[in-house]
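Let's take a friendly walk through a protein model.

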Amino acid sequence: RFILGPLKAYYLIKRLKPVCVILPDPELHLFLPFVLKKEVVVVDVHEDYGLVIEDRSWVHRSFKPFLVFFIQSLVFVRSRWADVVLVADASIQGEGAIHISNRPNPSDLPAESSLELPPRLVYVGDIRKSRGLNEMLSLIELTPEVHLDLIGPCENSDDLKNSIQERGLSNRITWHGRCTYQESWKIAAKALAGLSLLRPTPAFKDAVPTKVWEYWAVAIPVLGSDLPGQAKLIVESGGGFVGEIQELSSIISSFVQDPAFARKVGHIGRSYYENNDDENEKRLVSAIKAAIEKEPEE
């Protein structure tokens, strides 16, 4: 990613000669002063990268000062050379930045599907301890009626496989690995509920994960950890439940006994998703058009 990705992006930009370039990843933001001279440049800031490094087990203490310097450099480069700065979270919205929340476009997701038997839970995303891996395994232990589909990359696949085997869950947990977006959500659409059991790390405390919206988009309820950001949204919508593992296990059992109840909660989430369009697309298009049409400064 950090070597081949920028090289491929550089090649495509030079070959295609676009009017506007959108850079979604932080390592690509370093293109700004060196590569992108004539193009309108939009940079996308997904999260507070300074907090995210606290969530990465591979970041050794001695390496953190270099990452902090890198992140500070990115902020300077963006503020100096970017035409438009997008942020996915209002809590990191600096002066002049445009908030584009992480609600997915419904056309990118499959239609609602019938429930699969035996009943299944699903998790879509990076698989790691800070994102609730141990909590998910414990939830499956407590709720023998259900299976779990894990979809996404795992930073330590051997530990994941060993943990599943040691807990005796090999016949009730399926790790699909990294799937395409469409494949991932076709699997998820058949689930009883979707999981978002983030731990209270600095990066996740106030976050609203994209997967919450995506679960609702395929009409399944969300079961989440009680963190301020996602909990407020889940409770307000009525499209799921938050709580400790024991509480969520009881809710899952009620879903198993009454699948229609699970479907009802999922439909409430879907309705909330459909009726709370925050006009992301309009703001994004307006910002890009304004930047393109802006007269170049002398």
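A crossing of two helices is called left-handed if the near helix is turned anticlockwise from the far one by less than a right angle. Keep that in mind as you look at this predicted model, where α7 passes α10 in a left-handed crossing.

How do these two helices pack? Helix α7 and helix α10 meet at an angle of about 110°, and their axes are 7 Å apart. Angles of 65 to 115 degrees count as roughly perpendicular, and α7 and α10 are therefore roughly perpendicular to each other.

Here are the two partners side by side:

| Helix | Residue range | Residues in the contact |
|---|---|---|
| α7 | residues 210-217 | W213, W216 and A217 |
| α10 | residues 259-275 | G269, R270, Y272 and Y273 |

By type, the residues of this contact of α7 with α10 are 5 nonpolar, 1 polar and 1 charged.

Now turn to helix α8, which spans residues 228-237. Which of its residues are buried? They are G229, Q230, A231, L233, I234 and S237. Their cover includes both helices from the table, α7 and α10, along with the strands β8 (193-196), β9 (222-224) and β10 (240-242). Just after α8 comes G238, with a positive phi of about 80°.

Finally, step back to the whole protein. Its secondary structure comprises 11 helices and 10 strands. The radius of gyration is 21 Å, close to the 19 Å that the globule rule gives for 298 residues, so the protein is as compact as a globular protein of that length. Of its 298 residues, 46% count as buried.

Notes
Residues numbered from 1 in each chain as written. Predicted model: local features only at pLDDT ≥ 70, side-chain atom pairs only at ≥ 80, totals over all residues. Heavy atoms only, no water. Axes fitted to C-alpha atoms, helices over the stretch in contact; angles between N-to-C directions. Helix = DSSP H or I, 4+ residues; strand = E, 2+ residues; numbered from the N terminus. Parallel < 35°, antiparallel > 145°, perpendicular 65-115°, else oblique. Contact = heavy atoms within 4.5 Å. Nonpolar A, V, L, I, M, F, W, Y, C, P; charged D, E, K, R; others polar. Buried < 20%, exposed > 50% of the residue type's maximum accessible area, 1.4 Å probe, protein only. Rg over C-alpha atoms; globule rule 2.2 N^0.38 Å.
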